Each structure stands twice: as structure tokens, then as C-alpha cells.
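Please look over the sequence and the model shown here, and then read the report that follows. It starts with charged side chains and moves on to the fold, the surface and the pocket.

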Amino acid sequence: RLPPGYGSTELLPYAQAAGVSYVPGRQFFVADGGHRHLRLSFSMYDPETLTDGARRLAEAYRAAGPSAGSTALPG
């Protein structure tokens, strides 16, 4: 789950530009929710690839800043 002020859908283009991807969490919620959640696939990657992916996602997170969402978004 992302902190308040970030939305997983809004962060996605930054992540993709950094060479990583995920599925925004709202696609896994029945009701309107999951805006700050993201779903990562990690079972098919080796530890080195996962480490690099986490580093890239962190870079995307920092690049996006709080502009990647709104504090008005529900959990």
C-alpha cells in the first residue's frame, strides 16, 4: 500500500518509464477501493532481478512525488 497522497494508477506511468510494471490494486477490489494498493509479481524472478525492480520502483516513486495521486483518494 502506498502512503496517502499516492495513487497506484497515477504512479504506473512513472514505474513503466523506469522499466517496471504492476497491476493497480483497484482492479482487485469489489467496491471502490484499492487506489493506494499495487500488485507485484515476484514468484518468477530471481533475487537480483527483484532487487533491481525494487530499486527502479523506488526511483519512480520519488520521481512521481505526491503528484501521483491525491490525498482525497480512498484507501
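Because Arg-55 and Glu-59 are four residues apart in helix H2, about one helical turn separates them; helices here are DSSP runs of H or I with at least four residues, strands are runs of E with at least two, and both are numbered from the N terminus. The side chains of Arg-55 and Glu-59 meet in a salt bridge, with N and O 2.6 Å apart, where a salt bridge is defined as a side-chain nitrogen of Lys or Arg within 4 Å of a carboxyl oxygen of Asp or Glu. Salt bridges that share partners join Asp-52, Arg-55, Arg-56 and Glu-59 into one network. In general, side chains of opposite charge can pair when their charged atoms come close.

The structure holds three salt bridges. Asp-52 takes part in a salt bridge with Arg-55, at 2.4 Å from N to O, and these two residues lie three places apart in helix H2, about one turn of the helix. Asp-52 also forms a salt bridge with Arg-56, the closest N and O atoms being 2.9 Å apart, and this pair is separated by about one helical turn because the two residues are four apart in helix H2. Asp-52 counts as partly exposed at 29%, as does Arg-56 at 28%; the cut-offs are under 20% relative accessible area for buried, over 50% for exposed, and in between for partly exposed, with a 1.4 Å probe and protein chains only.

## How the model is described

This is a predicted model, in which local features need pLDDT of at least 70 and side-chain atom pairs count only at pLDDT 80 or more, while totals for chains, interfaces and linings use all residues. Residues are numbered from 1 along each chain as its sequence is written, and side-chain values use heavy atoms, with hydrogens and water left out.

## The overall fold

The protein has two helices and two strands, and from the N terminus on its elements run α-β-β-α. Of its 75 residues, 29% are buried. Among contacts (heavy atoms within 4.5 Å) between residues at least 6 apart in sequence, 66% join residues at least 24 apart.

## Around the strands

Where does Pro-24 lie? Pro-24 belongs to strand E1, which covers residues 23-24, and with a relative accessibility of 8% Pro-24 counts as buried. Setting aside residues up to four places away in sequence, Pro-24 touches Ser-8, Thr-9, Leu-12 and His-37. Although Pro-24 and Leu-38 are 14 residues apart in sequence, their C-alpha atoms are 4.7 Å apart in space.

Phe-29 is found in the loop between E1 and strand E2 (38-39), and at 37% relative accessibility Phe-29 counts as partly exposed. When neighbours within four places in sequence are left aside, Phe-29 is in contact with Gly-34 and His-37.

## Surface and pocket

The accessible surface of the protein comes to about 4800 Å², of which 57% belongs to carbon and sulfur atoms; such areas come from the Shrake-Rupley method with a 1.4 Å probe, and for residues only the protein chains shown count as cover. Leu-40, Phe-42, Met-44, Tyr-45 and Leu-50 form a nonpolar patch on the surface, with about 530 Å² of accessible area together. Patches are made of residues with over 30% relative accessible area and no salt bridge, like charges being joined within 9 Å and nonpolar side chains (Val, Leu, Ile, Met, Phe, Trp, Tyr) within 5 Å. Leu-50, in helix H2 (residues 47-64), counts as partly exposed at 33% relative accessibility.

About 430 Å³ of space lies in the largest pocket. Of the 17 residues that line this pocket, the closest to its centre are Val-20, Ser-21, Leu-40, Ser-41 and Tyr-45, and the largest share of the lining, seven residues, comes from H2. On a 1 Å grid over the protein atoms alone, a pocket is an open set of points with protein on both sides within 12 Å along at least five of seven lines, and lining residues have an atom within 4 Å of a point. Grid points are joined across faces, edges and corners, and a volume is the space filled by probe spheres set on the points.

Note on methods. 1 Å grid on protein atoms, 1.4 Å probe; cavity = no way out; pocket = protein on both sides within 12 Å on 5 of 7 lines; lining within 4 Å.
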